[in-house]
Amino acid sequence: MKKIVAITLLILFIDQFSKIYIKTHFYLGESINVLGLSWFKLTFVENPGMAYGLHFGGLWGKYTLIILRLGLAVGMVFLFKKWLKEGASNYLIIPMAMIFAGAIGNVFDGIFYGVIFDSGTFYDTTSERWIDYGGVSQLTAFGQGYSDLMKGCVVDMLHFPLVDTVWPDWVPVLGGNRIEFFKYIFNVADSAITAGALFLYLFRKKAFPNGLDF
């Protein structure tokens with residue numbers, strides 16, 4: 001259990017430190033090259049939903065996602081206890097701890113960022129749209145933020161546009177259009193979930209020597 005706690009706390013610390021730094025030092029939409037590299041940027045965006053900027057269903061979609069993430073986190077606690085009791089290997093425990101930490105990292109933003117920051121992307125009930133505020137935020141006293149519990153947005157900043165160019169004019173249909181790969185902007189929590197899932201897939205036979213058993 002100590003290993004799970006250590007991995008979770010380490011990922012959460014890096015995740016929340018990076019998010020708070022970006023939110024309190026960058027304008028929304030601001031982007032800078034890291035070490036002068038055009039393919040590695042810090043680009044500040046906020047999203048109300050899932051990993052890599054995806055979202056659905058407006059405010060109720062957000063509530064549903066938070067509840068599902070909380071349910072996943074609680075369920076994983078019981079699974080960890082079961083697996084540890086059964087002597088599960090690190091090939092299972094470590095990647096699942098990474099996924100667990102990532103889920104908590106993003107759910108923390110959604111639940112608390114609206115009440116601990118003085119500004120942020122908010123849901124406008126009149127237009128039923130998420131509205132970008134565009135400024136630099138500051139931490140504020142708990143409950144004195146720009147919104148309510150469960151109405152905060154996830155902070156994303158890691159951007160790797162490995163290809164960022166324009167299709168040649170002679171290419172049918174696509175000519176003149178911009179092409180960017182990888183265009184998605186994500187955070188440390190997303191990275192932990194993705195890396196944990198990939199590790200689990202690659203070493204699935206060692207992680208589940210007797211097959212899937214939940």
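## Basis

The model is predicted: local features need pLDDT of at least 70, side-chain atom pairs count only at pLDDT 80 or more, and totals for chains, interfaces and linings use all residues. Residues are numbered from 1 along each chain as its sequence is written, and side-chain values use heavy atoms, without hydrogens and water.

## Packing of α1 and α4

Two packed helices are described by the angle between their axes and the distance between the axes. Helix α1 spans residues 2-25 and helix α4 residues 188-202. Helices here are DSSP runs (H or I, at least four residues), strands likewise (E, at least two), numbered from the N terminus. The α1 and α4 axes lie 8 Å apart, at an angle of about 145 degrees. Axes are lines fitted to C-alpha atoms, for helices over the stretch in contact; angles run from 0 to 180 degrees between N-to-C directions.

From α1, the contact (heavy atoms within 4.5 Å) uses Ile11, Ile14, Asp15, Ser18 and Lys19. From α4, Val188, Ala189 and Ala192 take part. Five of these residues are nonpolar, one is polar and two are charged. Ala, Val, Leu, Ile, Met, Phe, Trp, Tyr, Cys and Pro count as nonpolar; Asp, Glu, Lys and Arg as charged; the others, Gly among them, as polar.

## Salt bridges

Side chains of opposite charge can pair when their charged atoms come close. A salt bridge needs a side-chain nitrogen of Lys or Arg within 4 Å of a carboxyl oxygen of Asp or Glu. That rule gives five. One of them joins Asp15 to Lys19, with the closest N and O atoms 2.9 Å apart. Both residues sit in α1, four residues apart, about one turn of the helix.

Lys19 counts as buried because its relative accessible area is 0%. Asp109 is also at 0%, so it is buried.

Elsewhere, Glu86 pairs with Lys82, the closest N and O atoms being 3.1 Å apart. Glu86 is partly exposed at 48%, and Lys82 is partly exposed at 24%. Shared partners join Asp15, Lys19 and Asp109 into one network.

## Gln138 in its loop

Gln138 lies in the loop between β4 (129-131) and β5 (154-159). Its relative accessibility is 41%, so Gln138 counts as partly exposed. Gln138 touches Thr24, Ile116, Phe117 and Asp118, leaving aside residues up to four places away in sequence.

Conventions:
Buried < 20%, exposed > 50% of the residue type's maximum accessible area, 1.4 Å probe, protein only.
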